[in-house]
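Visitor: I'm new to this one and would like a tour. Could you show me how to read it, feature by feature?

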Amino acid sequence: MSGPTDSLPGPPFAATRLADGIYAVMGDTGRGSEGRPNAGFIVTRDGVVVIDALASPREGEALLRTIRGVTRQPVRWLVLTHHHPDHTFGAIAFRRAGARIIAHPDTRTLASEGGQDALIADWVRVMGLDAMRGFEFAEVPDRPVTGTDTLQLGGRTIIITHPGAAHTAGDLMVWLPRERVLFAGDLLIEDGVTMVVDGSARALERALDGIDSLAPRIAVPGHGAIPRQPAQLVASTRAYITGLASDMRAAVEKGVPMRRAMATLPPADSARPVSLDSRRRRNAARVYVEEEHAYLGLGEDSLP
Ligand SMILES: [Zn+2]
């Protein structure tokens, strides 16, 4: 550990038991994509699998202590649901504790466009210097997943799957088929407004179909409360994204410029890039471009 351990304070979080040995560590609720994301962990006879690392080394450490409060089993694997900093910047805490990383190898996101130094500087402004003490990137996978990978560990079956580039190019979901528990990452957000700025509406629609076909009993969204009925959150997310896509498609077909197509949406919040209004507006711009590409007959792969 670089720096004194008392620079990494903060009590552990609460662990919510979802099923035997399966826990969610709930972040902030009622704030959509803002605030601390959800994480989770699965206890097996042969070690622990953690889902997402939270936003800083300090939060990663607090999550690790949360797990220590439940089991003394070593943390074997950390699965990253995607490469946004709020889900990955605590990863170094798990790597230092001996975990290996399971992630999609495509780490590109808008957040990283300005390069790693800019990303760290931006994130220090969000989290504060103390929380970021000891930071190192630790998201390059030891076990890359680009399709479906079944992890058999200590009597449990854990399926890790890439649902397509829906929220980001590096999306993964974690599915426990026996217990029917899904960790959806940011494919699901409590308010149904999933960001597709780093992904695409079409890929999200397909991913939502994939979630429906699993028929999860419990679906943990990337941010916010666990829905009573997973299918309802999937349905409201689908209604939002298909509605937006058809509005933008209609605008493109009529030759309406993007600015005018978005005129009915409230302005984005300048200091809150992932507030509800900001997400709606940024998504609209992204989906307009996506529909324009489709209209021109360009493939999804041509999206910037
Ligand atoms: Zn995200």
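Guide: Let's begin with a helix. The buried residues of helix 7 pack against strand 11 (181–189), helix 6 (201–214), strand 12 (218–223), helix 8 (258–261) and helix 9 (276–295). Packing here rests on contact, meaning heavy atoms within 4.5 Å. Helices (H or I, at least four residues) and strands (E, at least two) are DSSP runs, numbered from the N terminus. One caution: this is a predicted model, where local features need pLDDT of at least 70 and side-chain atom pairs count only at pLDDT 80 or more, while totals for chains, interfaces and linings use all residues. Residues are numbered from 1 along each chain as its sequence is written, and side-chain values use heavy atoms, with hydrogens and water left out.

Visitor: Which residues of helix 7 are buried?

Guide: Buried means under 20% relative accessible area, exposed over 50%, and partly exposed in between (1.4 Å probe, protein chains only). In helix 7 the buried ones are Pro230, Leu233, Val234, Thr237, Tyr240, Ile241, Leu244, Ala245, Met248, Ala251 and Val252.

Visitor: What should helix 7 span?

Guide: The expected span is 1.5 Å times one less than the number of residues. Helix 7 (residues 230–253) has 24 residues and should span 34 Å; its end C-alpha atoms are 34 Å apart, which agrees. After helix 7 comes Gly255, with a positive phi near 75°.

Visitor: And the sheet: in what order do the strands run?

Guide: Strands of a sheet pair through backbone hydrogen bonds, either parallel or antiparallel. To count as a pair, two strands need at least two bridges found by DSSP. Here seven strands form an open sheet in the order 1-2-3-4-5-6-7, with mixed pairing. Its edge strands, each pairing on one side only, are strand 1 (16–19) and strand 7 (143–144). Strand 4 (residues 47–51) and strand 5 (residues 75–79) pair in the parallel sense over four bridges, and Val48 stands opposite Val75 in strand 5.

Visitor: How many salt bridges does the structure hold?

Guide: Side chains of opposite charge can pair when their charged atoms come close. The cut-off is a side-chain nitrogen of Lys or Arg within 4 Å of a carboxyl oxygen of Asp or Glu. The structure holds 16 of these salt bridges. One of them joins Asp191 and Arg279, with the closest N and O atoms 2.8 Å apart. That pair links distant parts of the chain: Asp191 is in the loop between strand 11 and helix 6, Arg279 in helix 9, 88 residues apart. Asp191 is partly exposed at 33% relative accessibility, whereas Arg279 is buried at 1%.

Visitor: What about Glu291, which forms a salt bridge with Arg202?

Guide: The closest N and O atoms of Glu291 and Arg202 are 3.0 Å apart. Glu291 lies in helix 9 and Arg202 in helix 6, so the pair ties together parts 89 residues apart in sequence. Glu291 also meets Arg249 in a salt bridge (3.1 Å, N to O). Salt bridges that share partners join Arg202, Arg249, Glu290 and Glu291 into one network.

Visitor: Which residues coordinate the zinc ion?

Guide: Donors are N, O and S atoms within 2.8 Å of the metal (3.2 Å for Na, K and Ca); water is not among the atoms, so sites may look incomplete. The zinc ion is coordinated by His82 (NE2), His84 (ND1), His167 (NE2) and Asp186 (OD), at 2.1 to 2.3 Å. His82 lies in the loop between strand 5 and helix 2 (85–88) and Asp186 in strand 11, so the pair ties together parts 104 residues apart in sequence. Both His82 and Asp186 are buried.
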